[in-house]
Amino acid sequence: YEADDGEVADLVDTIVKTRANAYVPNAKPDAEPLATITLTAIGRPEPETLKVYATADETRLVLRNTESTGYMVEADSLAIVFKPVLSLRKRQVLDIGADTLTRLTITRPDGLVHTFSREQTGPWQLAGHEKFEADALDDLLERLPVLRAVRWLDPSTGPTGNVTDDFGVLLNTADGTSVSLSVDPETRAATAGGVDMPFEVSETLLEKLDAEFHHRTVLPIMIDDIASVTITKDDKSLAITKTADVYVSEGGEEVDQSAAGALFDTLAGLRVQRYAAPLHLRPQDIATTIVIRTNADETHTLRLIGLEDYTTTATIDPPRGNGLDWFTLEPATVEKLTAGLIEAE
């Protein structure tokens, strides 16, 4: 295998810089060495030979060439010497010019497929959607075409190969080249077409692969577009309007200006955490209903779910379609949407 320059450099650097913390005169180890290290250097006719022996504690005895004095070193300082030889294999798995990519297909473990395409170096498009999260795609494309393995794995520890369990990735380039990749989301074990051994990908790459690529803005309105917000919870409703930068309750209650401001600001351009599968709800499963009426006399209805384990799940009307009507929200977003709005007496 081609060696990984960085790993080999770390190995050599460790060996030549490890220092003894004690000496043993006339050292005569009883057992065979744990390892024998041979170093050949430019300008030296003979190689340096280091033999590493186990001791009774967390140290190692090192004998150099034919010297009788032993060097005692910390075992941890030589740990890299005992890593599998495979760890020194070059870790560059993919080396594709990002500007040559014309198509990227991601098949998620839940079966959802994202297909991105472009003409040569033109803008990327997500099939079936006018908009998408371009930053999320850019983050992935910074890493995926030049993918490096965290480490190489034993062939028996590769991903399942089952599309219902793994992420499947297909990259296509302008010259007709295609490369496939499969990643286990639990273990981060992966395989790539044309690569003879499974490997582990980084947690960062998995996070970028698992990103929400659909456009995450579900309320594309500005704060000044909102005419009123009506919140219904526990069969009680509160309607709030904004007049001259002051939030007013239609029922005359004293409104907490900070909380109301945070509510309007959060609703304007509301962003989801990620989209979710629809739930079959009963009326009592809805914890909070928020009706947003705009100055253009449009109405949007946001429903927050009150079921255990679904407290950050929501849906919105009118439906958007394309499987984007149900979603989860960040806990901090839910907190702002459900905060108390009436000043305590």
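The part in question

A: Asn 26 counts as exposed, because its relative accessibility is 56%, where exposed means over 50% relative accessible area, buried under 20% and partly exposed in between, with a 1.4 Å probe and protein chains only. The model is predicted, and for that reason local features need pLDDT of at least 70 and side-chain atom pairs count only at pLDDT 80 or more, whereas totals for chains, interfaces and linings use all residues. Residues are numbered from 1 along each chain as its sequence is written, and side-chain values use heavy atoms, with hydrogens and water left out.

Asn 26 sits in the loop between strand 1 (22-24) and strand 2 (35-39), and its phi is near 50 degrees, a positive value in a residue other than glycine. Strands here are DSSP runs of E with at least two residues, and helices are runs of H or I with at least four, each numbered from the N terminus. By this count the protein chain holds 5 helices and 21 strands.

Another residue with this backbone feature is Asp 234, which is not a glycine and has a positive phi of about 55 degrees. Asp 234 belongs to the loop between strand 14 (226-233) and strand 15 (236-243), and with a relative accessibility of 62% it counts as exposed. A backbone feature of another kind is the cis peptide bond between Asp 317 and Pro 318, with omega about 0 degrees; Pro 318 is in the loop between strand 20 (313-317) and strand 21.

Leaving out residues up to four places away in sequence, Val 52 touches Pro 33, Leu 34, Ala 35, Ile 37, Arg 60, Leu 61, Val 62, Leu 78 and Phe 82, a contact being heavy atoms within 4.5 Å. The C-alpha atoms of Val 52 and Asp 265, which are 213 residues apart along the chain, are separated by 66 Å. For the protein chain as a whole, the C-alpha trace spans about 95 × 60 × 35 Å along its principal axes.

Thr 115 is placed in strand 7 (residues 113-117) and is buried, because its relative accessible area is 16%. Beyond its neighbours within four places in sequence, Thr 115 is in contact with Arg 103, Leu 104, Thr 105, Gln 125, Leu 126 and Ala 127. Buried residues make up 37% of the 345 residues in the protein chain.

The rings of Tyr 275 and Phe 327 form an edge-to-face pair, because their centres are 6.4 Å apart and their planes stand at 85 degrees. Since Tyr 275 lies in strand 17 (residues 274-275) and Phe 327 in strand 21 (residues 326-328), this pair ties together parts that are 52 residues apart in sequence. Tyr 275 and Phe 327 are each buried. Elsewhere, ring pairs join Phe 116, Phe 132 and Phe 213 into a cluster.

Technical notes:
Rings of Phe, Tyr and Trp (its six-membered ring) pair if their centres lie within 6.5 Å; planes under 30 degrees apart count as stacked, over 60 as edge-to-face and the rest as tilted.
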